[in-house]
Amino acid sequence: MSIQIFMKSLLFISIIYTTLFNSHQVTGLKWGATGHRVIGKLASNMISKHTASKINELLDGVSLAQISTFADEIKSDKRYRRYNAWHYANINDDEIYVKSKKNEKGDIVKAINTCIDVLKSSTSERSKKQFYLKLLVHFVGDVHQPMHLARYSDRGGNNIKIKWFGDNSNLHRVWDSNMIDQYGMSYTEITQNLPKLKTSEISEIANTPLITWVNESQDLAKHIYKTLPENINLDYLYQYDHFNTVRMQLLKGGIRLAALLDEIFK
């Protein structure tokens, strides 16, 4: 093989690899990874020193931000498919969660309560507590993403096809990752630039029960449906109108995760 042919082959392989890698980066970004890491990072900034010590010991020094995506990562492993339904709870517009028909495979509320029970149990094995702590950090994030508490009929907005800056997307993905990715900040930068609240406001957010989190997200989901423009090619205006809601939900998720962890490990 001549040097010219060899170099052309290398260039062709490089182009293919770059294209595939970049494609994976665009479609694979998911309250996607960045949003979950924001919530994990914020919680780690807010938990007590005692809680931080307990978690550090349990996770062997791995951060809450790093484990926050674990529940999504295991979806590709068939051994964990029974947890897929734990990421959401579909609720019709004319229902509230407590009176809605529950998924026999479980839902986000069952998921969070199960994780709490395992972590509080004095008989749970260390490996089991590690596993359920990883799930808990993720699911607290999911329950604050409004489309995880949206309609059954369209799979939480997944079946509502739209364009995001001209690219194919769906309503769920816009709220899961598109707006966060469009913002262009890392998870640490977003964490540092979340809305600033008074101590009393933080305390009020922290001291709310799980059902309040669910109801808040469902109410937001209803608003998202009602305000969806007829022109489904969403761009800067939609980002401008709704990104502060995303930021506030990330903030609430981090505050409540921290309070919950302090209560579990007290």
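Me: Where is the place of Arg155?

Reply: In this predicted model, Arg155 sits in the loop between H7 and strand S1 (161-164).

Me: Why is Arg155 called partly exposed?

Reply: Its relative accessible area is 49%. Buried means under 20% and exposed means over 50%. The value for Arg155 lies in between, so the residue counts as partly exposed. Arg155 also has a positive phi of about 55°, although it is not a glycine.

Me: Why does Phe165 count as partly exposed?

Reply: Phe165 has 28% relative accessibility. Under 20% would be buried and over 50% exposed, so Phe165 is partly exposed. Phe165 is placed in the loop between S1 and strand S2 (167-170). Its phi is positive as well, at about 50°, and it is not a glycine.

Me: Why does Gly35 count as buried?

Reply: Gly35 has 1% relative accessibility, and the cut-off for buried is under 20%, so Gly35 is buried. Gly35 lies in helix H2 (residues 33-46).

Me: What does Gly35 touch, not counting residues up to four places away in sequence?

Reply: Gly35 touches Ile180 and Leu250. Contact means heavy atoms within 4.5 Å. As for Ser186, its C-alpha atom is separated from that of Gly35 by 9.5 Å, and the two residues are 151 residues apart along the chain.

Me: What makes the reach of helix H11 (residues 210-226) close to the expected one?

Reply: H11 has 17 residues and reaches 25 Å from its first C-alpha to its last. At 1.5 Å a residue, 24 Å is expected, and the two values are close.

Me: How do you know that the buried residues of H11 line one face of the helix?

Reply: The buried residues are Leu210, Trp213, Val214, Ser217, Gln218, Ala221, Ile224 and Tyr225. Seen down the axis of H11, they fall within an arc of 130°, so they line one face. In general, an α-helix has 3.6 residues a turn, so residues three or four places apart point the same way. What covers the buried residues of H11 includes H6, H7, helix H8 (171-183) and helix H12 (236-264).

Me: Which residues line the second largest pocket?

Reply: The lining is made of Lys54, Glu57, Leu58, Leu119, Lys120, Arg126, Lys129, Ile264 and Phe265. Helix H3 (49-58), helix H6 (108-120) and helix H7 (126-143) each give two or more residues. H3 gives the most, with three. The space in this pocket is about 220 Å³.

Note on methods: Residues numbered from 1 in each chain as written. Predicted model: local features only at pLDDT ≥ 70, side-chain atom pairs only at ≥ 80, totals over all residues. Heavy atoms only, no water. 1 Å grid on protein atoms, 1.4 Å probe; cavity = no way out; pocket = protein on both sides within 12 Å on 5 of 7 lines; lining within 4 Å. Points joined across faces, edges and corners; volume = space filled by probe spheres on them. Helix = DSSP H or I, 4+ residues; strand = E, 2+ residues; numbered from the N terminus. Expected span 1.5 Å × (residues − 1). Buried < 20%, exposed > 50% of the residue type's maximum accessible area, 1.4 Å probe, protein only. Arc of directions from axis to C-beta.
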